[in-house]
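Reader: I am new to this structure and would like to learn how to read it. Please take me through it one feature at a time.

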Amino acid sequence: MHHSHPPQEPRIKQRRLPRLAVIAVIVLLVLAAAAMTGLHYASRLLKTQVEAALGANSEVGEIRVGWSAIEVHRLRIRAPRGWPAAQTLNAQKITIVPDLRSLLADRSKVRIHSITIEDAYLSVLRTRAGRLRLLPSLLENKANQGTAKAAPPIQVIIGSIALHDGKVEFFDASVKQPAHKIRLEQLRATIADLHVPDLTGRTGIELDGVIKGVQRNGTLSIAGWSELASKNSKLATRLDGVDLIALQPYLIKAAETGVKRGTLDLRLQSTVHNKRLHAPGSITLSDLELSEKGGPFGTFMGLPRQAVITGLKNRDNQITMAFTLDGNLDDPRFSLNDSMAKNIGAAAAGLLGISIESLVKGIGDSPEGVGSVLKKMFGQ
């Protein structure tokens with residue numbers, strides 16, 4: 001007599017193993033689908049919340065939530081009425097890499113490894129009165145909101161913020177109407193160790209880019225650090241080969257001699273410690289050629305035109321003026337602009353062979369003087 005049960009056991013096992021595998025695959029697919037659905041829902045929710053936070057003038061093309069990063073694509077903030085540009089901000093891609101472990105450890109603090117901004121545009125306006133305006137729909141409207149008591153802000157610690165291929169258009173209505181435009185391109189910047197909103201600690205700063213000109217382009221470089229809360233800082237600023245025609249509204253008044261060509265270089269090492277400033281530096285004018293406007297009685301930066309031309313010829317058409325700025329930033333009598341005016345004016349007069357009496361007439365109280373140039377360029 002033959003028994004049928006033993007031969008059937010292998011077949012039963014052979015059936016169960018494939019079923020278990022199929023069930024496991026189905027479970028994994030369901031979990032994956034649920035995860036993808038969750039990410040899609042999170043992306044839509046984030047997009048709505050970001051647009052609401054940025055205001056009615058903002059637009060976000062897409063937000064992608066990944067396992068380790070969040071990507072914001074095609075962020076645009078339209079400019080308000082009367083703004084000299086169509087947009088105040090435009091960024092093609094912003095990548096945010098959070099520290100997920102920190103969210104689990106301490107919900108009162110958010111740590112972000114990095115924020116990378118690619119192909120961004122920013123417009124900045126200085127008004128006739130000299131006030132600097134930046135992202136008005138974000139930074140100005142929020143200051144006018146209600147005074148209801150809010151919850152303590154969440155501390156955000158950002159490891160680094162990197163800007164790649166940025167562009168900035170600076171519109172200055174304080175020197176010209178309509179506003180004079182200076183365009184910066186190919187900007188690369190890195191900000192390291194930023195604490196928001198208390199701004200404590202030392203934040204590293206590196207920035208370089210191109211200053212667009214009429215006849216040639218110049219370069220800009222800033223490197224150093226700043227303790228934003230205490231305002232202590234140490235920065236090295238460098239301008240090379242900046243087109244003087246692009247800076248002409250800062251150099252002359254309408255009635256003065258114009259610039260046909262020339263370049264400007266700047267070196268400035270500034271240190272602020274305990275509200276005290278120490279900043280040695282120099283400005284170099286090269287290949288300067290002035291127009292004949294005004295004739296023999298014409299002036300350039302408040303100085304006699306002929307004296308400027310003669311002084312430049314005697315120095316191979318190049319002149320470097322050294323200066324040092326010192327002062328207490330808390331002292332209401334200290335003015336950075338006045339300090340620049342005195343130092344640069346005295347250096348220019350000495351090198352060009354102009355008497356102190358003539359210099360005083362040229363820059364002392366006159367808005368067309370050498371010091372006025374730096375006042376306008378660096379703000380009020």
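Author: Helices (H or I, at least four residues) and strands (E, at least two) are DSSP runs, numbered from the N terminus. Residues are numbered from 1 along each chain as its sequence is written, and side-chain values use heavy atoms, leaving out hydrogens and water. This is a predicted model: local features need pLDDT of at least 70 and side-chain atom pairs count only at pLDDT 80 or more, while totals for chains, interfaces and linings use all residues.

Reader: What kind of peptide bond joins Gln177 and Pro178?

Author: The bond between Gln177 and Pro178 is cis, with omega at about -5 degrees.

Reader: How many helices and strands does the protein chain have?

Author: There are eight helices and 15 strands in the protein chain. Contact means heavy atoms within 4.5 Å. Of the contacts in the protein chain between residues at least 6 apart in sequence, 56% join residues at least 24 apart.

Reader: Now the surface, please. What share of the 380 residues is buried?

Author: A residue is buried under 20% relative accessible area, exposed over 50% and partly exposed in between (1.4 Å probe, protein chains only). Buried residues account for 37% of the 380 in the protein chain. The accessible surface of the chain is about 22300 Å², and 58% of that belongs to carbon and sulfur atoms. Such areas come from the Shrake-Rupley method with a 1.4 Å probe; for residues, only the protein chains shown count as cover.

Reader: I would like a single example. Is Leu325 buried or exposed?

Author: Leu325 counts as buried because its relative accessibility is 1%. Leu325 belongs to strand S15 (residues 318–328). From Leu325 to Gln269 there are 56 residues in sequence, and their C-alpha atoms are 9.9 Å apart in space.

Reader: Let us turn to Asn232. Which residues does Asn232 touch?

Author: Leaving aside residues up to four places away in sequence, Asn232 touches Trp225, Ser226, Glu227, Val272, His273, Asn274 and Lys275. Asn232 lies in strand S10 (residues 232–243). With a relative accessible area of 10%, Asn232 is buried. There is a polar contact here too, meaning a pair of N or O atoms within 3.5 Å; within protein, one must be able to donate a hydrogen and the other to accept it, and residues adjacent in sequence count only if both atoms are side-chain atoms. The side chain of Asn232 reaches the backbone nitrogen of Asn274 at 3.0 Å.

Reader: Trp225 is in that list of contacts. What lies over the face of Trp225?

Author: A charge sits over a ring if NZ of Lys or CZ of Arg is within 6 Å of the ring centre and within 35 degrees of the ring normal. Here Arg202 lies over the face of Trp225, 3.6 Å from the ring centre.

Reader: Salt bridges come next. How many salt bridges are counted?

Author: A salt bridge is a side-chain nitrogen of Lys or Arg within 4 Å of a carboxyl oxygen of Asp or Glu. By this rule there are 15 of them. One joins Lys167 and Asp119, with the closest N and O atoms 3.2 Å apart. That pair links distant parts of the chain, 48 residues apart: Lys167 is in strand S6 (residues 155–172), Asp119 in strand S4 (residues 109–126). Asp119 counts as partly exposed, at 35% relative accessibility.

Reader: How far apart are N and O in the salt bridge of Glu185 and Arg183?

Author: Glu185 and Arg183 meet at 2.5 Å, N to O. Glu185 is buried because its relative accessible area is 19%, whereas Arg183, at 22%, counts as partly exposed. Elsewhere, salt bridges that share partners join Glu62, Arg64, Glu71 and Lys93 into one network. Within that group, Arg64 bridges to Glu71 with the closest N and O atoms 3.9 Å apart.

Reader: I would also like to look at the backbone. What is the phi value of Arg74?

Author: Phi of Arg74 is near 55 degrees, a positive value in a residue other than glycine. Arg74 sits in strand S2 (residues 70–78). Asp165 also has phi near 55 degrees, and Asp165 lies in strand S6.
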